[in-house]
Amino acid sequence: MDRHGVLKHTALSLLIAAALPFVISDAQAQENASTAPQTTQLEKVVVTGSNIPRAQVEGPAPITIISAKDITERGFATTADIMTSLNQNLGALDNNQVTNGFSNGAQAVDLRGLGPNHTLILINGRRIADYPQSYNGDSNFTDISSIPASMIDRVEILTGSASAIYGSDAISGVINFIMKKKADGTTLDYRMGDTQHGGAASQRFTLTSGFSHDKFDAVFGVEIYNQDPLWAYQRDYLSSRTNDPRWTTSPTRVAAPTFAILDGDDNYIDPGKAQCDALSYLNQGTVQYLKRRSYGWYCGSLADVRYGTMQNARRAANFYGSATYHLTEQMELFADLQYSTSHQETYNTQLKWQNSYPINGDASPTPFYNTATDQVEQWQRQYFTYEENGGLKRAMIRNINNTYSLNTGIKGTFGDSWNYEALFSHAQNKLKAKWPALLAAKAQMFYLGPALGVDPDSGYLMYNAPHSRFYTPLTPDQFASITQDSIDHDKSRAETYSAKVSNTDLFSLPAGPVGFAATAEFGNQYFGLKPDPLSLDGSYFGLHNTVAVGSRSHSGAGFEFSVPIFSQLTATAAGRYDRYSYSSNAASKFTYALGLEYRPIESLLLRGSYSTGFRAPDLSYLYAGPSGSSSSGTDYYRCATEEPDLDISDCDWGSVPFNGRSHGSINLNNETSKSISYGFVFSPINNLDIQADYYIIKLTDEVQYQDSDQILRWEGQCRTGKLDINSGLCQAAVNQVFRNSANNITSVLVLPINAATHRTSGVDFNIHYLWETDRLGNFDFKLGGTYVVTNRIQNYAGDPFVNELSDYYDYVIPRSKANYSVTWSYGDFTTTLYGARLGGLPNYDGTQRLGPTMMYNASFGYRLAKNVNLGVTIDNLMDSKPGRDSTWTSYPYYTRRWFSPMGRALFLDLNVKFGHNDG
């Protein structure tokens, strides 16, 4: 038995053993209960993690709840803000500051740091469509940026594997966004905000209302949102490369070349100071004569980075509506619809160019022989300037995203205590992405003119290209003639037919009724990444994309029981079977979950759970089309056969260039997981709750792309007889390395495979205390945190496990996150101080872990009149800058995945209700 099995059995055994003394007296307790005073029965509701309605939120597995009140009091403006505050959200994720990624503008969640594709996102307990682009070019994920924060009633977060209830994807946990379904009259809410240092001003208008007529009830809400971009030039510590920590010791090392010509030895050809002075008006007067150590002189700028956006411009409209028609007292028709449209604008960097030719789908830089100067040269425009672009607007990346989700069906009750629901769900996400792109062939013709043949000495193409042409800035019209928008049309879709029944009193045992639920579903998913064809063949310089189009069908059925063993001990069990079909393949999995809730006294809950999970093969991994990029590696075969006596580092083929190639694979298996949690919830006195839970998650067969170095090692070992050439491993490795007639490697193919094992464990805790006074009002204290004990990954079977918490170079992640809030309510006035602590992150050099950082928000609310409320929120109360690191030499000189340059921001909120019922 492995140590996870030992932990599972130990935890469950301890709970049962502790409960045994109460079994004998249970019958007497039941008899006494019949004569005890009757208590108020709480309404039973469905809580995330179970399909059986229950009166108590706390169950065998921990659930974190963030209410609409929490969202307002803690100063969260967007859904991304809410999820960033979540202590269990421990992944280093892309955000709006990362503008060169594969899913520009989308926002993900990564529970436990296992990757955003292992966190299941639900809205009202139902799945939504994946984002129609893959995360980091690899896996599917769900975008949360289109979920309107102002229309959220609460968020329920269940951590740990939950596939026995929800099927695929719920490996590290489930996040369920519950939207507002009740309208107390009509509510208008207007919120506006701005930052102290400029940029990112926002406005939000929300209308919620509802009505009832006879048997028909409806609730709806509309949110209109506008946010300006935050430009790097609006923060002094981001507006120039002189903020680089190296600047004081090597000031010219970090400047970007605006105009640079290299000779055949890759040295800059000195343009002369006069030439650079003539160009000094460009990029708003920042181009100058600069020298780069070991390369030479050129015309460059230290301020090219100032034109990037650190927060997207965003205009969005969201609608949510829910309607119910009561056919009878026991049966109703229902439908809910969510629709969102958003237009985001992002500025990555100014476009660049250097003379190149399409090779294997990329515009690969290649020198040429210049007959005007009789030498081999390489021309580089590291970026085209602000003036050549004609301003910033025409170079923006534009994403137009439209999503909607429709759920409709029938539900009701029958018999004494049966509930049922039959549901059809359709969700889709469409994205039109426009990227400014430079046409490599047109730029080549503009600068170099037609080719004049091949130089017999160098072997390069010849051009007659005087330097005066290169050093003449383009007009905006000339720049427009060599650029255009590269437009992608991407779409994802999910459809599900489902039915479920539940019964909170299936039959009775001496300790109480047995709860039961069953569900069955079938449906399909589609993922279509359809880029501009010119982005696939090297037509654009510096822009390469890939295709991924495919679908799969799925079916599943599951059951769940809640069994009171005796009055203080309840056991839960759930099981589910799922099957996914794609192309000619299929993947299936049975998952299960076990849980215990033991209440030795009314104020103490001891709990434990063990569950399994899985993730079906990812559509992006299954159907990704061919992709290529420049790469290099060691030719182990030639080193072993032609220079066997030399160390690899001294071998002539120790570093050879080749084209790295990849595509998807339909031969993938399920990723699987095991999850254990155990802990307690204790209420020693009124209004004080203390919760702590220990968790362990083991993820196996995690999909990742092969390592080209490992492929080359296997190929060398197979071809030299160290491995069996007829084995499946050798046949695959030899066929993935391509060589020409001279035996040189031309390309290496890597494929996605089930390889990695990931183990993580840690502790979550929460403390809540409400202090009620007669004269000073009420004080509400909340403290929560997560401490990661272990986080280890093994990339391939046989490899050693790497501790991500001590590998400071490759894994920039914290060991802990915590937050707290103090709310004071006095009459019509409420104020909250919220603080978030991020554990220390590794420095850029990977030599040490830095100290923790803190961020504070404050909010103030006042009831001006019976139906009018005014709110003031200050985000980043102390105006803290991103955590600085003297070794961080990559712009923006801090880890953008964990810190924001927004600075202090002020928000005003006016809320007015009409037809409000004060009760």
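The protein chain exposes about 39400 Å², and carbon and sulfur atoms supply 55% of this area. The model is predicted, and its protein chain holds 15 helices and 43 strands. Of the 919 residues, 53% count as buried.

**Overall form**

- A compact globule of 919 residues would have a radius of gyration near 29 Å, so the 31 Å of the protein chain agrees with that expectation.
- The C-alpha trace spans about 105 × 75 × 50 Å along its principal axes.
- Among contacts in the protein chain with a separation of 6 or more, 71% come from residues 24 or more positions apart.

**Charged side chains**

- The protein chain carries 73 positive and 89 negative side chains.
- The centres of these two sets lie 2 Å apart.

- Strands of a sheet pair through backbone hydrogen bonds, in either a parallel or an antiparallel sense.
- Ile121 stands opposite Ile175 of β5.

- Strand β29 (residues 604-615) runs antiparallel to strand β32 (residues 671-682), and 12 bridges join the two.
- Phe682 has Ile690 in β33 as its bridge partner.
- Together β32 and β33 form a hairpin with 5 residues between them.
- In the turn of this hairpin, Asn687 has a positive phi of about 70°.

- Strand β11 (residues 287-292) and strand β12 (residues 296-301) are antiparallel and share 6 bridges.
- Val287 stands opposite Ser301 in β12.
- The hairpin has 3 residues between its strands, and Ser294 takes a positive phi near 75°.

**His118, a buried loop residue**

- His118 lies in the loop between α4 (79-85) and β2.
- The relative accessibility of His118 is 0%, which is why this residue counts as buried, the cut-off being under 20%.
- His118 and Gly173 are 55 residues apart in sequence, yet their C-alpha atoms are 7.5 Å apart in space.
- Leaving aside residues up to four places away in sequence, His118 touches Asp169, Ala170, Ile171, Ser172 and Gly173, as well as Arg615, Glu671, Leu699 and Glu702.

**Gln338, a buried strand residue**

- Gln338 is found in strand β15 (residues 331-346).
- Gln338 has a relative accessibility of 9% and therefore counts as buried.
- Beyond residues up to four places away in sequence, Gln338 touches Ile123, Ser146, Ile147, Pro148, Phe319, Tyr320, Thr403, Tyr404 and Ser405.

Terms used
Residues are numbered from 1 along each chain as its sequence is written. This is a predicted model: local features need pLDDT of at least 70, side-chain atom pairs count only at pLDDT 80 or more; totals for chains, interfaces and linings use all residues. Side-chain values use heavy atoms; hydrogens and water are left out. Helices (H or I, at least four residues) and strands (E, at least two) are DSSP runs, numbered from the N terminus. The radius of gyration is taken over C-alpha atoms; the globule rule is 2.2 Å times the number of residues to the power 0.38. Buried means under 20% relative accessible area, exposed over 50%, partly exposed in between (1.4 Å probe, protein chains only). Contact means heavy atoms within 4.5 Å. Accessible areas come from the Shrake-Rupley method with a 1.4 Å probe; for residues, only the protein chains shown count as cover. Lys and Arg count as positive and Asp and Glu as negative; His and the chain ends are not counted. The place of a charge is taken as NZ of Lys, CZ of Arg, CG of Asp or CD of Glu. Two strands pair if DSSP finds at least two bridges between them.
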